[in-house]
Amino acid sequence: MVLFPEVTDPMGVGRSVRRWREVLRRATTDLGSPQEARWVVERASGWNGAELFGHLDDLGPERAVVHAQEMVARRIGGEPLQYVLGRWEFRGLELLVDRRVLIPRPETEMVAEVALAELARSGRSDPLVVDLGTGSGAIGLSLAVEVPGARVWATDVSTAALAVARANLSGLGTGAATRVRLVEGDWWKALPDELLDAVDVVVSNPPYVAADEHLPPEVADWEPVSALRAGSTGLEALEVVVGEARRWLRPTGTLVAEVGPHQAEAAAALAVGAGFDEVEVRPDLCGRPRALVARGRAKESSSAD
């Protein structure tokens, strides 16, 4: 597939080159989306934002132009844009993402924001956070960056997912990175007993799609099934996360978990059944129930830590 026409190299070395303006124009035509085309060309050229428009008349290196062509072809073939680009932003962090992990979404950014509010509520300068099923590391790493002093344990049962999280951790810089531990294991089993009754906030985006629930092809055909589907009801993973959380949380600690909007009542019931005293499900930016928030005993009624 030849998406971009060739022009003659003015330096006379005989190789095929193309100007970024033409690459961008053709990508826009083929993708039908000026924004996606710009992201593709930014990724291929290395010029981001306004910088790109100052270099549109530059001749792109052949490898870079071919890379843009390949990305356009992959996107036309149905691959999610985030995987095509190989990276995506989450709360200001640029994360590596590929088919080993879920694509970070705005709904999950909101869940991280709720967790941040709960950490502020704890009043601790060095809160202990557990991110169960971390995937790319999006939630856990963002909390480590945004809460100076936070100590984060991020777990995942998938070795492949943890490899992605580890790559993202390496890009944080030494300040936040030294406060993050990545551990492999099945939910709570990944954690050492020393964390029992010591965690300030547990946050999780567990799989919550039922086995027979419809997903759009761009999700179902590309993203890791184990991170999407929980079982026949869609609540299986949440049952584990909620059911054991009180053992690991401080009396005043909080569980924050992403849930499907249609699961709000069932998720809240699980938290009440697990012994949480304050339970609510907060809406996402579209007004749909999304973030389960479950607290232990209220601060004023608990003993001093």
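Q: In this predicted model, what percentage of the contacts between residues at least 6 apart in sequence join residues at least 24 apart?
A: Take the protein chain and keep the contacts between residues at least 6 apart in sequence. Then ask how many of those join residues at least 24 apart, and the share comes to 65%.

Q: How many helices and how many strands does the protein chain have, and what box do its C-alpha atoms fill?
A: The protein chain has 13 helices and 14 strands. Taken along the principal axes, the box filled by its C-alpha atoms is roughly 80 × 45 × 35 Å.

Q: What percentage of the residues in the protein chain are buried?
A: A residue goes in the buried group when its relative accessible area is under 20%. Out of the 305 residues in the protein chain, that group makes up 49%.

Q: Which strands stand at the edges of the open sheet?
A: The sheet has 7 strands with mixed pairing, in the order β8-β7-β6-β9-β12-β14-β13. An edge strand has a single partner, so one of its sides is left without a neighbour in the sheet. That picks out β8 (180–184) and β13 (278–283).

Q: Within that sheet, what is the bridge partner of Val129 in β7?
A: β6 and strand β7 (residues 151–156) run parallel and are joined by 5 bridges. Look in β7 for the partner of Val129, and you find Val152.

Q: Which helix packs on the sheet, touching β6, β9, β12 and β14?
A: The strands touched are β6, β9, β12 and β14 (289–295). The direction of the helix makes about 165° with that of β12. The helix covers residues 236–248, and its name is α12.

Q: How many residues apart in sequence are the parts tied together by Arg124 and Asp200?
A: These two form a salt bridge, with the closest N and O atoms 2.8 Å apart. Arg124 sits in the loop between α6 (106–122) and β6 (128–132), while Asp200 is in strand β9 (residues 199–204), so the pair ties together parts of the chain separated by 76 residues.

Q: Is Asp200 buried or exposed, and how does Arg124 count?
A: The cut-off for buried is under 20% relative accessible area, and partly exposed lies between that and 50%. Asp200 has 5%, so it is buried. Arg124 is at 27% relative accessibility, so Arg124 counts as partly exposed.

Q: Which strand holds Arg250, which forms a salt bridge with Asp200?
A: The closest N and O atoms of Arg250 and Asp200 are 3.1 Å apart. Arg250 is buried at 18% relative accessibility.

Q: Which residue of the Asp284 and Arg288 salt bridge counts as partly exposed?
A: The two side chains meet at 3.2 Å, N to O. Asp284 is at 7% relative accessibility and counts as buried. At 33%, the partly exposed one is Arg288.

Q: How many salt bridges are there?
A: Some residues are linked in a network of salt bridges: Glu118, Arg121, Glu278, Glu280, Arg282 and Arg295. For the whole model, the count comes to 22.

Q: Which element gives the largest share of the lining of the largest pocket?
A: About 830 Å³ of space lies in this pocket, and 43 residues line it, with Leu102, Asn205, Pro206, Ala227 and Leu228 nearest its centre. The elements giving two or more residues to the lining are α6, α7 (138–146), β7 and α11 (225–228). With 3 residues, the largest share comes from α11.

Conventions:
Residues are numbered from 1 along each chain as its sequence is written. This is a predicted model: local features need pLDDT of at least 70, side-chain atom pairs count only at pLDDT 80 or more; totals for chains, interfaces and linings use all residues. Side-chain values use heavy atoms; hydrogens and water are left out. A salt bridge is a side-chain nitrogen of Lys or Arg within 4 Å of a carboxyl oxygen of Asp or Glu. Helices (H or I, at least four residues) and strands (E, at least two) are DSSP runs, numbered from the N terminus. Buried means under 20% relative accessible area, exposed over 50%, partly exposed in between (1.4 Å probe, protein chains only). Two strands pair if DSSP finds at least two bridges between them. Contact means heavy atoms within 4.5 Å. Axes are lines fitted to C-alpha atoms, for helices over the stretch in contact, and angles run from 0 to 180 degrees between N-to-C directions. On a 1 Å grid over the protein atoms alone, a cavity is a set of points where a 1.4 Å probe fits but cannot get out, and a pocket is an open set with protein on both sides within 12 Å along at least five of seven lines; lining residues have an atom within 4 Å of a point. Grid points are joined across faces, edges and corners, and a volume is the space filled by probe spheres set on the points.
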